[in-house]
Amino acid sequence: MRVLADSATEPWELTRPGHVFPLRYREGGVLVRRGHTEAAVDLCRLAGLTPTGVLVEVVNDDGTMKRAPELRAFADEHGLAMISIEDLVRHRRRVERHVVREAETRLPTSHGDFTAIGYTITVDGSEHVALVYGDPATLTDAGPVLTRVHSECLTGDVFGSSRCDCGPQLNEAMDRIVEEGRGVVIYLRGHEGRGIGLVAKLQAYQLQDGGRDTVDANLDLGLPADARHYGAATQILKDLGVSEVRLLTNNPDKVSSLEDYGVTVTERVPLTPHPNGHNLSYLLTKRDRMGHDLPDLDQPELVPADLEGAN
Ligand SMILES: Nc1nc2c(ncn2[C@@H]2O[C@H](COP(=O)(O)OP(=O)(O)OP(=O)(O)O)[C@@H](O)[C@H]2O)c(=O)[nH]1
Ligand SMILES: [Zn+2]
């Protein structure tokens, strides 16, 4: 293995095919693919070493693979440091810079005049936009900034769909930021359908037409209930000089995700729930199964569309 890792080694010095099974690293590492190959290479790079690693499975005496608790005990017994791929992802998102500021322009809207700043993320090529209200230069180290981190929702944001509450939430967030006189909306592309994509979301809606709830519909499609992460948002906030936010959201997970990647949330500022006959079941599921803080949904005058036949 030392010969393989040595950059002075020439191909003829190695027997091919040999008994070592080669694995190929995906550029971008654990941020692109959460594999052990990517983890091994990223770990070497972070340690300033040649990016060549060896993967071994640690097994129990009965031949089964050791899982996290058993590995923990093994590491303690032998005085070894142990980290997970998730730790590597978190570390890289916190300390590395993956964002490029590509454009900055005026964006007058019906809510007020914003500055639109366009970003690309180097590791996956995704594009996002930050709408800044007030002079962007004054955001740096200016105390907690009122911020909305909004997940793309074509049907709700653009078409005004009543099946979710995304459109009204975006509008409310923009209005409140204008009222405040300063703030940021980060619009995250690629978050459509909680990260499963537009067509998959429409398929999930189709399953919901048949009675599944929003969580089970994703799972029935073999997709995660929520595949989003907020790495792009925290990178953009840091680029804007914002290290502390007052976050407009009803989703406590969003708060902890931002904090995980190094942005302090000094306050969670609730958004008004916008229930209607079509989204009530959806909102109740968000409250009961996804931990969203959505008060006042149990009003008798609100009837889910499937009960009143309004679909
Ligand atoms: N898969 C799936 N995604 C949905 C559905 N309804 C809305 N979405 C997506 O959910 C995302 C918005 O997430 P929400 O759970 O509404 O809200 P949140 O962003 O987690 O929390 P808030 O900050 O309180 O708005 C958008 O990307 C929508 O496209 C649905 O029924 N199924
Ligand atoms: Zn929506």
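Here is a short chat about the cores, pockets and zinc site of this predicted model.

Colleague: Hi! Which residues hold the zinc ion (ligand 2)?

Modeller: Hello! The protein donors are the SG atoms of Cys-153, Cys-164 and Cys-166, lying 2.1 to 2.2 Å from the zinc ion. Bear in mind that the model is predicted.

Colleague: What spacing do the donors follow along the chain?

Modeller: They follow C-x10-C-x1-C. Cys-153 is in the loop between strand E4 and helix H5 (154-158), while Cys-164, eleven residues away, is in the loop between H5 and helix H6 (166-180).

Colleague: Is Cys-153 buried or exposed?

Modeller: Cys-153 counts as buried, because its relative accessibility is 4% and the cut-off for buried is under 20%. Cys-164 counts as buried too, at 4% relative accessibility.

Colleague: Switching topic: how many residues are in the largest nonpolar core?

Modeller: There are 25 residues in that core, and Val-184, Ile-186, Leu-240, Val-245 and Leu-258 have the most contacts inside it. Elements giving two or more residues to this core include strand E2 (113-121), strand E3 (127-133), strand E5 (183-188) and helix H11 (252-260).

Colleague: And which element gives the largest share of this core?

Modeller: That's H10, with four residues. Helix H10 spans 231-239.

Colleague: What is Leu-240 in contact with?

Modeller: Setting aside neighbours within four places in sequence, Leu-240 is in contact with Arg-101, Ile-117, Tyr-119, Ala-130, Val-132, Leu-139, Thr-140 and Val-184. There is also a second, separate core of 15 residues, with Tyr-133, Met-174, Val-178 and Leu-271 among them.

Colleague: How do the residues of the lining divide into nonpolar, polar and charged?

Modeller: For the largest pocket, 19 are nonpolar, four polar and three charged.

Colleague: What volume does the second largest pocket have?

Modeller: About 720 Å³. Of its 23 lining residues, Met-1, Leu-4, Val-20, Phe-21 and Pro-22 are the closest to its centre. Helix H1 (2-5) and H2 are the elements that give two or more residues to the lining, and H2 gives the largest share, three residues. By class, the lining of this second largest pocket has 15 nonpolar, six polar and two charged residues.

Colleague: Great, thanks!

Methods. Residues numbered from 1 in each chain as written. Chains lettered and ligands numbered in written order. Predicted model: local features only at pLDDT ≥ 70, side-chain atom pairs only at ≥ 80, totals over all residues. Heavy atoms only, no water. Core = buried A, V, L, I, M, F, W, Y, C linked by side-chain atoms within 4.5 Å. Buried < 20%, exposed > 50% of the residue type's maximum accessible area, 1.4 Å probe, protein only. Contact = heavy atoms within 4.5 Å. Nonpolar A, V, L, I, M, F, W, Y, C, P; charged D, E, K, R; others polar. 1 Å grid on protein atoms, 1.4 Å probe; cavity = no way out; pocket = protein on both sides within 12 Å on 5 of 7 lines; lining within 4 Å. Points joined across faces, edges and corners; volume = space filled by probe spheres on them. Donors = N, O, S within 2.8 Å, 3.2 Å for Na, K, Ca; no water.
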